[in-house]
Amino acid sequence: MTQQTKRYLMYIAQNYSYAILRPLQQAILAQGGEVYWFIEGKEATAKYLQPNERLLTSVKEVKAWQPDAVFVPGNVVPSFIPGIKVGVFHGFNAGKMNRRGREDHFEIRGCFDLYCTQGPDTTLRFDQLALEHGFFKVQQTGWPMMDPLFQYPHNNPYVDEHDDRPTVLMCSTFSRNLTCAPHLLETIKRLSQSGKWRWLIQFHPKMDSTIVEQYKALQGPNLTFVETDNVIPLLQAADVMLCDTSSVLLMFLLQRKPVVTFRNQSPNAHIINVEQAEYVEDALAQALMRPDELMEEIEQYCQIIHPYRDGKSSERVLAATNEMIENGLKGLKRKPVNMIREFKMRKKLKFWALK
């Protein structure tokens, strides 16, 4: 009897999710599985789909296709989407607190059957939450998006082989309480005009458009503003990062490269944190020297958040998912029903059928 081909749905709501899930898609296709994409809402666009990628445009089409598993980089997925729901996260735990005063990374919303965690620091907490709630399982796999980070491309569009100056990558989150972008505008303008370093600027897609335009106006021979759905080449191209409390800084650290932060919410020894704009330049200069004590702290931290450097996290996610597909939801309680969220999702996706 021929084994039935497994079907996997990539459920996305933001354009950065393409880069998170594409390594997983590659692993699925290599094993002979089928992949379709589904876009929720208006903040992600199909224009980033590659020619060989296939899209389902309605919940009706998804239900007709009947995926075995659904991979979700976001926080929620509706219960009426069929298949095992797998949470793969949209970033590392950067310590962000939500409106309820809880760490958002560990907020359990009752949507997932399986969480594929990135490293020991989050696995331990999710294991505890799994015991507490009883309706999901946890498997430490590493993060699929990190697979290409350890596979260096031959041609990186952000590397200038004719420019031997250090490259600073500035990234910032969009949250008004956390973003460094508005506070550092004049500092970045001054430092970029000095010509001492080469600057790459990349912001969260939800960043205030006014701030985006202000930074775009700084572009010149020493500074480039980048809008992309794939931050990996930027991370690989830079020598040091300037950031705030965005989880992208953790991705940068995994390369064993130093990070300077501005008013970080959890300023620990693996980063150089400053509270005032006038200290940014000296902090970047210190980071570029890669002091031994700092680099040792970075190494220890990387082992805790994401110990894998083999580029095979996607294979581990797929193996954990397939095991659940084969064995079903044995031993798990039924997920709680959130009627308000269910109604909102049905309205958003324009799907009212009960079956």
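The legends below describe close-up views of a predicted model of one protein.

**Figure 1. Overview of the predicted protein chain.**
The model contains eleven helices and 13 strands. Its radius of gyration is 21 Å, close to the 20 Å that the globule rule gives for 355 residues, so the protein is as compact as a globular protein of that length. The C-alpha trace spans about 65 × 40 × 40 Å along its principal axes. Of the 355 residues, 54% are buried. Among contacts with a separation of 6 or more, 67% are between residues 24 or more positions apart. The accessible surface comes to about 17700 Å², and carbon and sulfur atoms account for 48% of that surface. The protein carries 42 positive and 39 negative side chains, with the centres of the two sets 11 Å apart.

**Figure 2. The open sheet of seven strands.**
The strands of this sheet follow the order β3-β2-β1-β4-β5-β6-β7, and their pairing is parallel. The edges are formed by β3 (55-56) and β7 (137-140); each has a single partner strand, so one side of each is left without a neighbour in the sheet. Strands of a sheet pair through backbone hydrogen bonds, either parallel or antiparallel.

**Figure 3. Strand β5 and its two partners.**
Strand β5 covers residues 84-87, and both of its faces are covered. Ile-84 and Val-86 are buried on one side, while Lys-85 and Gly-87 are buried on the other. In a regular strand the side chains alternate between the two faces of the sheet. Strand β4 (residues 69-72) runs parallel to β5 and is joined to it by four bridges.

**Figure 4. Phe-89 in the loop between β5 and β6.**
Phe-89 is found in the loop that lies between these two strands. Its phi is near 70°, a positive value in a residue other than glycine. Phe-89 has a relative accessible area of 10%, under the 20% limit, and is therefore buried.

**Figure 5. Lys-6 in the segment before β1.**
Lys-6 lies in the segment that comes before β1 (7-12). With 15% relative accessibility, Lys-6 counts as buried. Leaving aside neighbours within four places in sequence, the residues in contact with Lys-6 include Gly-33, Glu-34 and Asp-68. Lys-6 is also in contact with Asn-322, Ile-325 and Glu-326.

Strand β11 (residues 240-243) is covered on both faces. The buried residues are Val-240 and Leu-242 on one side and Met-241 and Cys-243 on the other. Three bridges pair β11 with β8 in the parallel sense. Leu-169 has Met-241 in β11 as its bridge partner. Three bridges also pair β11 with strand β12 (residues 259-262), again in the parallel sense. Leu-242 stands opposite Val-260 in β12.

**Figure 6. Thr-173 in the loop between β8 and α4.**
Thr-173 has its place in the loop between β8 (167-172) and α4 (181-194). At 1% relative accessibility, Thr-173 counts as buried.

**Figure 7. Ile-211 in helix α5.**
Helix α5 covers residues 209-216 and contains Ile-211. The relative accessible area of Ile-211 is 11%, and this residue is buried. Apart from residues up to four places away in sequence, Ile-211 touches Ala-181, Pro-182 and Phe-203. Ile-211 and Leu-185 are 26 residues apart in sequence, and their C-alpha atoms are 8.7 Å apart in space.

**Figure 8. Lys-350 in the segment after α11.**
Lys-350 is placed in the segment that follows α11 (339-349). Phi of Lys-350 is near 55°, a positive value in a residue other than glycine. With a relative accessibility of 73%, Lys-350 counts as exposed.

How values were computed
Residues numbered from 1 in each chain as written. Predicted model: local features only at pLDDT ≥ 70, side-chain atom pairs only at ≥ 80, totals over all residues. Heavy atoms only, no water. Buried < 20%, exposed > 50% of the residue type's maximum accessible area, 1.4 Å probe, protein only. Pairing = 2+ DSSP bridges. Rg over C-alpha atoms; globule rule 2.2 N^0.38 Å. Contact = heavy atoms within 4.5 Å. Areas by Shrake-Rupley, 256 points an atom, 1.4 Å probe, with all protein chains shown as cover. Lys, Arg positive; Asp, Glu negative; His and termini not counted. Charge placed at Lys NZ, Arg CZ, Asp CG, Glu CD.
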